[in-house]
Amino acid sequence: MEKRVLGRTGRMVSVVGLGTWQLGGDWGEVSDAESRAVLEASLEAGVTFYDTADVYGDGRSEQAVGAFLADHRDEGLTVATKMGRRADQVPENYVLENFRSWTDRSRANLGVDTLDLVQLHCPPTPVYSRDEVYDALDTLVDEGVTAAYGVSVETVDEALTAIARPGVATVQIILNAFRHKPLEKVLPAASEAGVGIIARVPLASGLLSGRYTKDTTFAEDDHRTFNRGGEAFDVGETFSGVPFEVGVEAAASFTELAEGLEQDLTPAQAALAWVWQSPGVSTVIPGARTPEQARLNAAAGGAHSLGPLFASRVRELYDGSIREHVHDKW
C-alpha cells in the first residue's frame, strides 16, 4: 500500500482508506461484529486512514471506530471525524460553543483526548467564508481538542474558498470516474497550497463496482433508496447525482474499460486506482460492508499506473455519458 502525506496534518496515510458511513447503519443494518470485522480486515490489508462522522448512526460509527482504535494504539492509525450535521443547518450554529460540544462528544465516542482531524461536515455555503469560523477552529487546535481541521464540501467553489484559508489542513470532496470537475481547479489549488485531498464516494455509491442492473433495489433504510432524489441531503452524495439508470449503463462501459487493462483489477479496484492516481489526491475512502470488500478495496492501493490511455477513455466516457447529468456546482 502506497502512503502519502495528508496535507497540512503532516501525517502519512494509506492512499486507500476506509469510509465508515456504512458502519452507522445508513446503508442498511450492520451488526457490531460485522463492523469490527470490516475494520480489522482493512487494517490487515494496510489501511491506516479511517473517516467517520458524529452523524453516522448518531455516533454509532464513531463508537465502532473508537473501540477498534483502542486495540490498535500503536499501529500509526489516523482517524478523521466530522461535525455539524446533527444541528439545524444555519450558519449561526457554526460557533465555538457548539464546536466544543460537538468535539467533546466525538472525543468521547472515539476514546481520545485529541482528535487527529475534525472536518466541518458540508455546512451551509456561507460558513466557508466566515472569519469567526476559522478563528474558532484555530482555538480548538490551540486547546489541544484537535490536532488539525479541514472541511468536507459539496461544491468546487466551497473547496476553493476553504483551500485559501491557511489553517485548513484537508478538503474532502466527491471524486470518481463519474465526477470530474474537482480535477480541473480543486486538485491543482490544493497541491499548490499543501492542502490534503480526501476523495469520497469513489465508487459512486457502488455503481462503479459494475454489480448493479436497472432492476437492482436497496433496503428502505439505505440512502440509495431514501435519498435518490435528494430527499434527505444533497443528491450528489447518492450515485454522485447521476440518475440510477444512466449510471448503470455507464458503469457497464467502465467495466469494459477495466477488463481491458493489463493488470488484473476488478472494476471497483480500477475505479479506486483511478482516483488515488489523480495528481493531488492524498487518500480515497471507499466504504465496505464485508471483510472481503475491505480487502479488495485496499488491494487497489497497490495497483500500478493505469496509464494515460485508460485515463483518456474514462474521460471520454464521462464526456459522452455523464457530464450532462452533473450539476455545474459539483
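1. Arg36 and Glu40 form a salt bridge in this predicted model, with their closest N and O atoms 2.8 Å apart; a salt bridge here is a side-chain nitrogen of Lys or Arg within 4 Å of a carboxyl oxygen of Asp or Glu. Because the two residues lie 4 residues apart in helix α1 (residues 32-44), about one helical turn separates Arg36 from Glu40. Helices (H or I, at least four residues) and strands (E, at least two) are DSSP runs, numbered from the N terminus.

2. Arg36 also meets Asp71 in a salt bridge, at 2.4 Å from N to O. Arg36 is partly exposed at a relative accessible area of 25%, whereas Asp71 counts as exposed at 53%; buried means under 20% relative accessible area, exposed over 50%, and partly exposed in between (1.4 Å probe, protein chains only).

3. A salt bridge also joins Asp51 and Lys82, whose closest N and O atoms are 2.5 Å apart. Here too the pair links distant parts of the chain, Asp51 being in strand β4 (residues 49-51) and Lys82 in strand β5, 31 residues apart. Asp51 is buried, with a relative accessible area of 2%, and Lys82 counts as buried at 0% relative accessibility.

4. The structure holds 20 salt bridges, and a network of them links Glu184, Arg315, Asp319 and Arg323.

5. Turning to helix packing, the axes of helix α3 (residues 96-110) and helix α4 (residues 131-142) come within 9 Å and cross at roughly 40°, the axes being lines fitted to C-alpha atoms, for helices over the stretch in contact, with angles running from 0 to 180 degrees between N-to-C directions.

6. On reading the values: residues are numbered from 1 along each chain as its sequence is written, and side-chain values use heavy atoms, with hydrogens and water left out. As the model is predicted, local features need pLDDT of at least 70 and side-chain atom pairs count only at pLDDT 80 or more, while totals for chains, interfaces and linings use all residues.
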